[in-house]
Amino acid sequence: MNVVQGVSLAGVAVLIVEDELIVAMDMEDVLLEQGAEVLATVPTVSDALAAIEAQPPDLVVLDLNLDGQSTVPIVQALNARSIPFVVVSGYGDLRAADPCLAGAPMVTKPWNRDQLLSKLLEVLTESRGDAHRS
C-alpha cells in the first residue's frame, strides 16, 4: 500500500459528501477503522454547505455529482476556507466539470480502500505542510 509515512487519519474530522448510501457507508467504515472522526455523511449540496458552516471539517471526501447536481459550490466553499478535499468520482476529467476543479486530488470510482487512504493521507500531508509554511 502506498501510504504516506508518519501521517495518520486518527482524530481527523472528516465530512463525507456522497449520495449513494452503500458507497458512503463503505467510506465511513474505512475512515473509522483508521481512527478518523466522521462528522457527518451528507447526500446533498445544501446539507454539505450547512455541515461545513456548522462544524468545519479537517478533510472532505466529495462525490462530484449528487443526484445530478454539481458539487462545485462545495468545492468553492472548501477552497475559500482552505479545507482540503479529495474528489471521488467516475468522471475522468475534472476540468471538464469546472475550472475550479483543475488539479483537484481525485480517486476514480470504483475506488478501493488503499487508493482512497493513500490519496487522503497525501492531501492531509500537503495541507499540514502548507499550514506549517504560513
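Predicted model: local features only at pLDDT ≥ 70, side-chain atom pairs only at ≥ 80, totals over all residues.
Hi everyone. A helix here is a DSSP run of H or I with at least four residues, and helices are numbered from the N terminus.

Let's start with the overall layout. The chain has 5 helices and 7 strands, and along the sequence they come in the pattern β-α-β-α-β-β-β-α-β-α-β-α. There are 134 residues, and 42% of them count as buried. If you take the contacts with a separation of 6 or more, 67% are between residues 24 or more positions apart.

Which order do its strands take? They run 2-1-3-6-7, as 5 strands in an open sheet with parallel pairing. At the edges sit strand 2, residues 37-42, and strand 7, residues 106-108, each pairing on one side only. From one strand to the next, the twist averages 15 degrees.

Is Leu21 buried or exposed? Exposed, because its relative accessibility is 61% and the cut-off for exposed is over 50%. Together with Ile22 and Met25, Leu21 makes a nonpolar surface patch of about 340 Å².

The whole structure has 7 salt bridges. One of them joins Arg113 to Glu33, with the closest N and O atoms 2.5 Å apart. Arg113 is in helix 5, residues 113-133, and Glu33 is in helix 1, so to speak a link between distant parts of the chain, 80 residues apart. Arg113 also forms a salt bridge with Asp114, this time with 3.3 Å between the closest N and O atoms. Both count as partly exposed, Arg113 at 31% and Asp114 at 34% relative accessibility.

Then there is Lys109, which forms a salt bridge with Asp63 at 3.2 Å between the closest N and O atoms. Lys109 lies in the loop between strand 7 and helix 5, and Asp63 in strand 3, so this pair ties together parts 46 residues apart in sequence. Lys109 is partly exposed at 22%, whereas Asp63 is buried, with a relative accessible area of 5%. Through shared partners, salt bridges join Glu18, Glu20, Asp63 and Lys109 into one network.

Notes: Residues numbered from 1 in each chain as written. Heavy atoms only, no water. Helix = DSSP H or I, 4+ residues; strand = E, 2+ residues; numbered from the N terminus. Buried < 20%, exposed > 50% of the residue type's maximum accessible area, 1.4 Å probe, protein only. Contact = heavy atoms within 4.5 Å. Pairing = 2+ DSSP bridges. Axes fitted to C-alpha atoms, helices over the stretch in contact; angles between N-to-C directions. Patch = residues over 30% accessible without salt bridge, like charges linked within 9 Å, V, L, I, M, F, W, Y side chains within 5 Å. Areas by Shrake-Rupley, 256 points an atom, 1.4 Å probe, with all protein chains shown as cover. Salt bridge = Lys/Arg side-chain N within 4 Å of Asp/Glu carboxyl O.
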